[in-house]
Amino acid sequence: MRRLLDSPYAVVVLLALIVALLPLILPSLFYLRVAAIVCIFALAVVGINLLMGFAGQVSLGHAGFFGIGAYAVAIGPTHLGIPSWVSLIIGAVAAGLMAFLVGRPILRLRGHYLAVATLGLGLLIAMVFTNEAGWTGGPDGMPVPRLEVFGFRVFGPRMWYWISGVTLVIGAWIAANLIASPTGRALRAIHDSETAARVLGVDVARYKLVAFVISAVYAAIAGAYLALFDGLVTPITAGFLRSIEFVTMAVLGGLGSIFGGIVGAALLVLLPQVLTVFHDYEHIALGLIMMMVMIFLPSGIVPALVARFRR
Amino acid sequence: MLAASNISISFGGLNALSNVSLKVETGEIFAIIGPNGAGKTTLFNIISGLYAPSSGRTTLNGEDVTGLAPHLLARRGLSRTFQNLQIFFRMSAAENVMVGRHLHEQRNVIAHLFTLPSVLKQNRVTREKAEELMAFVGLRDMTNRPAGTLPYGALRRLEIARALATEPKVLLLDEPAAGCNPVETAEIDDVIQKIAARGVTVVLVEHDMKLVMKISHRIHVLDQGRTIAEGTAAEVRANEAVIEAYLGKHGQREAARA
């Protein structure tokens, strides 16, 4: 059992089972819609977790990459006549490229300084989406044409649930692969001691960049999915609060745990829905729950539960 | 094999090292000693590329490597351990050593993302090598434990195994026996001699005089950032300047016993 818990692949299998069985118990399309959104956010958080939970580098700007993915599938088909699915790939590549170019200089920074620099990057990207109204529709945003793949139209919660669910499983599998590889060991080493990693031959700057670029691509794909699913994109998609949301999901669920990030995403998507019963006090309840989790499960929900289960 | 010539560095006006030169021959065990604050660790940090000296040069195998980044020095066959342990505490003991195999692994990130069969095979090879090295330093039965749960003396040896995993030609050991009890010190003494027997050049900074006198071929003595003596254990022990500036009365007695 312990061996099983330690294997990142066990998580992938568990996740695949959940994704496959969930539609059987969800009573209506509304719930399937919520589940699809959970999968989309979880995908972004799996990426963030590679950067924050494994490599130990903070980013408060990942909504920027999320926004690049989202606007790519809006602008591509609308203004340039590029099919949505090609636009999605272009968006993911563009986000990766942006992360590569910006990551080089800013990943030299550490801790709070890196947080502020990534924050600035996120704000900057959101600003571009707000101001380039001719392309993006400005603050009001723009509609996103439905995804069409070789004449097959993708729409509705059911289809999007399956697409985002399967993508999440693949995303988790890729993350598990990475963690179990030399790259993953280098990232985890950097987290604990950059100095020791360096004297062992790890090119610290390169690996931080690798984690930054990969997590940006995850965020961009998730952003594209959300935009295609919603049929609308606004600068809020790329906004500061969204970045904070990603980080909160990762921390709440458990940094350094793939499944933790997914649980964190589910919690932050579902809780506001559930807490509507508190009406005006909804946000107070949400804030209190988050504080309680951090006080009583400081390592995050999933790692804390795993540790308890082991004893 | 390894040489430093006229190394000087100052921190905020304090001359931590002035004009220190040393030359380490292939396969020898070379010790750097000196009282607290003599500049031993600073010298190590310069040799291993963590600090750049204000002046002076370091060479490895005849090539100028002054100011070269640590990961590039590792490629040229220099690795080290740390006085204040730098363990990867979130990883298992074996994984710590596996990180040391980094330079001997394929580092193609795309292959890693999709776990191509070659990656699986390589992971297996890396793990075997790590387990072999852990056995070499006497940690055979601790491989799967989280690094944080290892006793102190074991962590010291884990760092040595990790540095050895890079297959260094020169290994720098920064106080390998610091904080160890006599039994642990004896174990580390044994490990260092085994490493030297493999043909690895060992440079160590150490406070434990007994250990230094016993295993070192040559000893370099620093005091307040300056070289005051260099020679074999017997020569250093008999050196007036060393006795006066460093060993003192207490050290004299200890040295006599060693």
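Visitor: Why is B:Gln193 called partly exposed?

Guide: B:Gln193 has 13 C-beta neighbours inside 10 Å. A residue is buried if 20 or more other C-beta atoms lie within 10 Å of its own, exposed if 12 or fewer, and partly exposed in between, with C-beta atoms placed from the backbone. The count of 13 falls in between, so B:Gln193 is partly exposed. This is a predicted model, in which local features need pLDDT of at least 70 and side-chain atom pairs count only at pLDDT 80 or more, while totals for chains, interfaces and linings use all residues. Residues are numbered from 1 along each chain as its sequence is written, and chains are lettered from A and ligands numbered from 1 in the order in which they are written.

Visitor: Where is B:Gln193 found?

Guide: B:Gln193 belongs to helix α7 (residues 182–197) of chain B. Helices (H or I, at least four residues) and strands (E, at least two) are DSSP runs, numbered from the N terminus. Between the C-alpha atoms of B:Gln193 and B:Ala16 there are 31 Å, the two residues being 177 apart along the chain.

Visitor: What makes strand β8 of chain B mostly covered?

Guide: Five of the five residues of β8(B), which spans residues 201–205, are buried. B:Thr201, B:Val203 and B:Val205 point one way, B:Val202 and B:Leu204 the other way, and all are buried.

Visitor: How do you know that β3 and β8 of chain B pair?

Guide: Two strands pair if DSSP finds at least two bridges between them. Strand β3 (residues 29–33) of chain B has four bridges to β8(B), in the parallel sense, and B:Ile32 is bridged to B:Val205. Strand β7 (residues 170–174) of chain B also pairs with β8(B) in the parallel sense, over five bridges. There B:Asp174 stands opposite B:Val205.

Visitor: Which strands form the open sheet of chain B, and in what order?

Guide: The order is β2-β1-β4-β5, with antiparallel pairing. β2 (14–24) and β5 (63–64) of chain B each have a single partner strand, so they stand at the edges and one side of each is left without a neighbour in the sheet. Strand β1 (residues 2–11) and strand β4 (residues 55–60) of chain B share five antiparallel bridges; in β4(B), B:Thr59 is the bridge partner of B:Ala3.

Visitor: How many residues of domain 1 of chain B are in contact with domain 2?

Guide: The bounds, which come from an automatic or database domain assignment, are 24–52 + 63–77 + 169–258 for domain 1 and 86–167 for domain 2 of chain B. Their C-alpha centres lie 26 Å apart. Two residues are in contact if their C-beta atoms, placed from the backbone, lie within 7 Å. By that test, 12 residues of domain 1 of chain B are in contact with 11 residues of domain 2 of chain B. On the domain 1 side, α2 (70–75), β7 and α7 of chain B each supply at least two residues, and α7(B) gives the largest share, five residues.

Visitor: What makes up the contact of chain A and chain B?

Guide: Chain A gives 24 residues and chain B 31 residues. In chain A, α8 (156–179), α9 (182–192) and α10 (194–199) each supply at least two residues, the largest share, eight residues, coming from α9(A). Ala, Val, Leu, Ile, Met, Phe, Trp, Tyr, Cys and Pro count as nonpolar, Asp, Glu, Lys and Arg as charged, and the others, Gly among them, as polar. On that basis the side of chain A that touches chain B has 12 nonpolar, seven polar and five charged residues.
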